[in-house]
Amino acid sequence: MKVIATVKEMQAWADRIRRRGGRIALTPTMGYLHEGHLSLVREGQARSDYLVLSIFVNPTQFGPEEDLAAYPRAMERDCAMAEESGVDVVFAPTETELYGPDFQTFVSLERLPRHLCGRCRPVHFRGVATVVAKLFNIVKPHVVVFGEKDYQQLLVIRRMVADLNFDIEVVGAPTVREPDGLAKSSRNAYLAPDHRESALTLSRSLNIAQDMAAAGETDPQRIVAATQTLIEKAPHTRIDYVEIRDPHTLERVDVVEGSVLMALAVHVGKSRLIDNRILTPGG
Ligand code: AMP
């Protein structure tokens with residue numbers, strides 16, 4: 001496995017592979033790898049000849065009050081896990097390598113970031129779209145894999161790829177969970193044991209929401225209220241949002257019919273956790 005830290009070397013590698021007719025898959029991550037990331041790697045490997053895993057804690061997607069400095073990092077362990085998983089290249093640039101001193105070009109979307117996480121994290125999706133566009137120009141992938149765990153991010157990337165005509169296939173992969181339902185996340189590392197119990201209310205409340213929809217509840221407000229009550233009862237929790245939205249536009253829905261997105265963001269202790277589920281009234 002190669003570990004590449006410079007843009008020039010990464011582009012030269014991608015050019016060599018493309019000249020030979022090789023198909024490149026990219027899985028962008030911020031590192032501190034877990035089974036969720038590795039499932040994206042496997043998905044990418046099944047669709048390509050070479051898998052590139054990028055590891056970069058992207059400063060432009062963090063607000064000034066957020067956890068950039070505290071974000072967990074474990075480069076050596078990540079490289080060992082990547083190698084074990086058959087990753088061909090780890091691309092791990094420094095911040096100065098990716099953002100030069102006079103950096104001033106950003107990619108921002110008009111509507112999708114107005115909702116959900118974009119409301120609580122105003123610069124987040126501009127940072128995500130910008131770094132992902134840069135990675136596309138550096139790694140030159142044919143296919144990229146993102147997790148449905150970050151549902152809004154996946155929509156943002158799909159929209160950007162369509163709007164800017166990137167010749168890249170975007171694949172979404174299902175959320176990998178702990179046996180008790182907690183969605184795997186690098187930020188789970190911040191959870192103290194008693195906070196972890198509270199964190200379980202996220203996936204539990206999504207399951208209850210699905211049960212309500214399956215039992216015929218069509219009022220999104222009633223489902224949201226039941227979910228909020230369950231989460232608020234757990235200690236150390238503070239809700240950012242609990243919403244039922246259109247799964248394509250993220251706009252509000254008045255009635256739960258067909259498939260709708262239920263998405264939530266909750267602070268548990270020092271961790272801000274997100275989770276989501278598509279509710280299907282038929283069960
Ligand atoms: P991150 O390192 O948290 O920025 O995540 C990198 C990629 O892994 C994103 O596409 C995430 O959606 C995806 N991811 C994170 N957690 C999970 C999970 N539990 N299951 C599947 N994919 C995930």
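Q: Which residues line the largest pocket?
A: Quick caveat before that: this is a predicted model, where local features need pLDDT of at least 70, side-chain atom pairs count only at pLDDT 80 or more, and totals for chains, interfaces and linings use all residues. Residues are numbered from 1 along each chain as its sequence is written, and side-chain values use heavy atoms, with hydrogens and water left out. The lining is Glu 65, Glu 66, Asp 67, Ala 70, Cys 120, Arg 121, Arg 187, Tyr 190, Asp 240, His 267, Lys 270 and Arg 272. A lining residue has an atom within 4 Å of a pocket point.

Q: How many of those lining residues are charged?
A: Eight are charged, next to three nonpolar and one polar. Asp, Glu, Lys and Arg count as charged; Ala, Val, Leu, Ile, Met, Phe, Trp, Tyr, Cys and Pro as nonpolar; the others, Gly among them, as polar.

Q: Why is the largest pocket said to lie between domain 1 (2-173) and domain 2 (186-278)?
A: Both domains give residues to the lining, so the pocket lies between them. The bounds come from an automatic or database domain assignment.

Q: What does the lining of the second largest pocket draw from each domain?
A: At least three residues from each of domain 1 (2-173) and domain 2 (186-278). By class, that lining has six nonpolar, four polar and six charged residues.

Q: What makes α8 roughly antiparallel to α9?
A: Helix α8 (residues 193-214) and helix α9 (residues 220-233) pack at about 150°, axes 9 Å apart. Angles over 145 degrees count as roughly antiparallel, and that makes α8 roughly antiparallel to α9.

Q: Why is α6 called oblique to α7?
A: The axes of helix α6 (residues 124-139) and helix α7 (residues 151-163) come within 10 Å and cross at roughly 55°. Oblique is whatever is left after under 35 degrees (roughly parallel), 65 to 115 (roughly perpendicular) and over 145, so α6 is oblique to α7.

Conventions: 1 Å grid on protein atoms, 1.4 Å probe; cavity = no way out; pocket = protein on both sides within 12 Å on 5 of 7 lines; lining within 4 Å. Axes fitted to C-alpha atoms, helices over the stretch in contact; angles between N-to-C directions. Helix = DSSP H or I, 4+ residues; strand = E, 2+ residues; numbered from the N terminus.
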